[in-house]
Amino acid sequence: MSQTTPMTMGRMGPHIDRMGADCADDQYIRELTQNALDAIRHRREEASDNTIRGEVIWDIDWTAVDDGAPERLCIVDNGIGMTASDITRYINKLASGAGTLSITSNYGVGAKIAAATRNHAGVLYQSWRDGLGVMAHLWRDPVQNEYGLRRFSVDDRWMECVPLDDSVKPELIDRCGTKVVLFGNDETHRTAQPPPGTANARWLLQYLNNRYFKIPEGVAIRVNEYLGQKPRRVLQNNRSPLRPVVGMYTYLTKHSDSSGTVQLDGAKAHWWVLTERRKDDGRQDMWSYQHVQASAGHAAALYQNELYEMRTGRAGQNVVQAFGVIFGHSRVVIYVEPDEGVTTNHARTMLLRDGRPLPWAAYQEQFRNNLPPEIKALIDSIASKCPDKDDNKSIVERLRPLMNLFAATRYRRNPKGTQALDADLVVPGGTPPATSGSGTAGAGGPHRPPRPGGSYGSHIKNNGLPASPYAPDKIPRVTWVSLARGSRDPGEMEDKAARYFEAQNLVKVNGDFRKFHELVDWCVKEWNLAPTVIPTLRQEIEEWTKQALIEVVMGIEALRGTSPEWGSDACDRALSEEALTTALMTRYHLIYAVKRNIGTKIGKLLDAT
Ligand SMILES: Nc1ncnc2c1ncn2[C@@H]1O[C@H](COP(=O)(O)OP(=O)(O)O)[C@@H](O)[C@H]1O
Ligand SMILES: [Mg+2]
């Protein structure tokens with residue numbers, strides 16, 4: 001006899017709602033697609049025939065539309081299918097499925113949780129096994145607030161799974177397969193429309209393309225392109241509106257100049273240098289397929305053939321830059337594949353090792369120190385488009401006498417105090433309460449806890465950790481980039497002045513930033529400058545901007561780690577794109593310096609005001 005009475009469940013509804021809250025809103029797409037792929041695999045295994053062609057289609061439930069229903073999203077597969085008892089066993093029971101459940105495979109809570117909690121009105125399962133069709137309607141009962149199979153009344157009997165007429169069998173299902181229809185939260189919901197807040201009409205295709213690394217051999221996943229737009233029926237003989245999901249591996253292989261793998265600590269970093277794409281006007285155009293597939297530089301984690309934590313767009317550029325690709329990041333894709341021993345969160349949005357997120361910063365540092373030659377060549381080719389005018393010399397000359405001002409000093413909470421505190425040992429949290437005289441609580445005084453460190457408290461050494469000032473040996477490199485020269489990508493530092501790369505000690509200045517142009521225009525007008533002088537004016541503005549950035553970076557870097565208030569995060573914030581833009585907003589001194597210099601350079605051209 002068993003020694004244990006297994007724990008059972010009280011009310012399920014609130015628990016499922018709770019688990020659903022852990023799911024991403026679009027996770028049902030992944031879970032239903034994955035169930036379809038699993039079903040195809042099981043069908044092949046059962047038949048011991050690997051050549052059976054698998055088909056998965058995301059479409060609108062046209063059969064119901066013909067009966068006046070709103071346009072609902074559905075997915076159809078020609079996998080193994082389910083019998084009535086399969087459905088009641090697997091669909092109406094948590095942590096239950098035909099496959100094995102484990103922390104690295106099925107969690108047994110996939111589609112049921114992700115889809116049912118977003119489709120209270122129903123997730124309709126229609127399934128054929130050996131030519132016999134059945135149907136069941138999973139929903140959230142609005143009276144009981146419980147999830148479960150809605151009962152059909154047939155011939156005075158209640159049934160949770162009913163036989164289904166072949167007239168509604170989707171054409172791609174021959175003898176077995178499954179169709180799942182999503183009803184949304186009420187009967188009128190048009191679930192084939194993009195979810196609220198999704199601007200991209202092709203959100204579903206984009207999601208699947210960006211989710212799967214490789215599509216299994218002999219399986220086609222296709223999406224009705226007109227989902228979310230003016231819906232168009234896929235005709236029997238014309239499947240063209242069905243767009244295949246290609247998977248990122250195929251896409252990247254086709255559209256890259258080079259690729260490879262860098263071994264990291266506990267992971268592999270797979271990388272691709274994308275083939276450059278340009279518009280008719282010659283501008284770089286890596287983004288035109290972005291709404292269907294991550295087509296420009298981006299990064300993600302790869303696990304069991306799926307992509308997690310994908311960062312695209314501006315976030316993607318930032319991550320790729322953090323991998324050391326400071327120029328040309330719109331053309332580099334990096335997928336980190338961790339070694340064994342990781343799992344995902346319930347929402348399947350993140351990878352976890354020992355319950356913690358992946359160490360991205362460490363991966364990035366290792367990759368930076370091991371940049372593949374092909375990526376280095378790309379960086380160099382774009383960096384060479386940045387004119388590095390030799391104005392650093394005069395900046396260095398000007399700053400030399402001020403160098404002590406940029407030395408790191410130790411922070412003293414009390415400037416009159418004598419104790420040199422080591423920054424690492426100081427914690428924020430106000431000043432300790434004043435202690436009274438010899439310490440121990442006097443008669444009737446409040447009880448005080450023992451001193452920290454016990455009796456060792458009287459052995460604390462004054463000046464034990466002396467601060468060692470340092471003079472910055474490296475002055476940051478500042479380089480002007482612009483769209484026209486091909487050294488800035490669209491979206492990079494958009495409408496911001498500059499960006500700092502700590503690891504490379506580099507600052508990029510956005511030559512397209514409108515405030516620079518306004519400044520040039522203002523000077524030209526105010527000082528009545530001849531067109532021939534404008535290049536000199538620009539050069540002056542660039543040089544003084546450079547100097548301001550050098551000072552700002554050296555100044556903040558001198559604070560880094562010197563007190564608890566200036567940890568890495570604080571310094572990064574102080575040198576963020578916004579902060580650097582702030583630093584360049586002072587006008588008076590810049591104009592003064594420019595005017596003086598330009599005056600000596602071009603003599604009398606300036607009006608003497
Ligand atoms: N399209 C399908 N074809 C065949 N069986 C399916 C299909 N969808 C779901 N099932 C069965 O239902 C089970 C439960 O699915 P699901 O709720 O997604 O949880 P999980 O996939 O995590 O086990 C699956 O394991 C499978 O046995
Ligand atoms: Mg599943």
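## Helix 2

Helix 2 is mostly covered, with 15 of its 21 residues buried. Helices here are DSSP runs of H or I with at least four residues, strands are runs of E with at least two, and both are numbered from the N terminus. Buried means under 20% relative accessible area, exposed means over 50%, and partly exposed lies in between (1.4 Å probe, protein chains only).

This is a predicted model: local features need pLDDT of at least 70, side-chain atom pairs count only at pLDDT 80 or more, and totals for chains, interfaces and linings use all residues. Residues are numbered from 1 along each chain as its sequence is written, chains are lettered from A and ligands numbered from 1 in the order in which they are written, and side-chain values use heavy atoms, leaving out hydrogens and water.

Helix 2 covers residues 27-47. Serine 48 follows helix 2 and has a positive phi, near 45°.

## Nonpolar cores

A nonpolar core is a set of buried Ala, Val, Leu, Ile, Met, Phe, Trp, Tyr and Cys residues joined through side-chain atoms within 4.5 Å. The largest one has 47 residues. Tyr28, Trp58, Ile87, Tyr125, Leu204 and Leu208 touch the most other members. Helix 2 supplies the largest share of this core, 6 residues. Another core, of 35 residues, lies apart from it and includes Val320, Val332, Ile375 and Phe501.

Isoleucine 87 has contacts (heavy atoms within 4.5 Å) that include Met82, Tyr125, Leu149 and Cys161, not counting residues up to four places away in sequence.

## Helix 9

Helix 9 spans residues 360-368. Trp360, Tyr363, Gln364 and Phe367 are buried there. Seen down the axis of helix 9, the buried residues fall within an arc of 100°, so they line one face. The arc is taken from the directions from the helix axis to the C-beta atoms. An α-helix has 3.6 residues a turn, so residues three or four places apart point the same way.

## Salt bridges

The structure holds 31 salt bridges. Each is a side-chain nitrogen of Lys or Arg within 4 Å of a carboxyl oxygen of Asp or Glu.

Arginine 118 pairs with aspartate 25, the closest N and O atoms being 2.7 Å apart. Arginine 118 lies in the loop between helix 5 (110-116) and strand 3 (123-129), and aspartate 25 in the loop between helix 1 (13-21) and helix 2, so the bridge ties together parts 93 residues apart in sequence. Aspartate 25 is exposed, at 56% relative accessibility. Glutamate 55 and arginine 222 meet at 2.6 Å, N to O. Glutamate 55 sits in strand 1 and arginine 222 in strand 10, so this pair ties together parts 167 residues apart in sequence. Both glutamate 55 and arginine 222 are buried.

Arginine 331 bridges to glutamate 276, with the closest N and O atoms 3.9 Å apart. These two residues are 55 residues apart. Arginine 331 is buried at 9% relative accessible area, while glutamate 276 is partly exposed at 33%. Shared partners join Arg30, Glu31, Arg211, Glu306 and Arg348 into one salt-bridge network.

## Cysteines

The structure holds 0 disulfides (pairs of cysteine sulfur atoms within 2.5 Å). Cysteine 23 is buried, with a relative accessible area of 9%. Cysteine 523 is buried at 2%.

Conventions:
Expected span 1.5 Å × (residues − 1).
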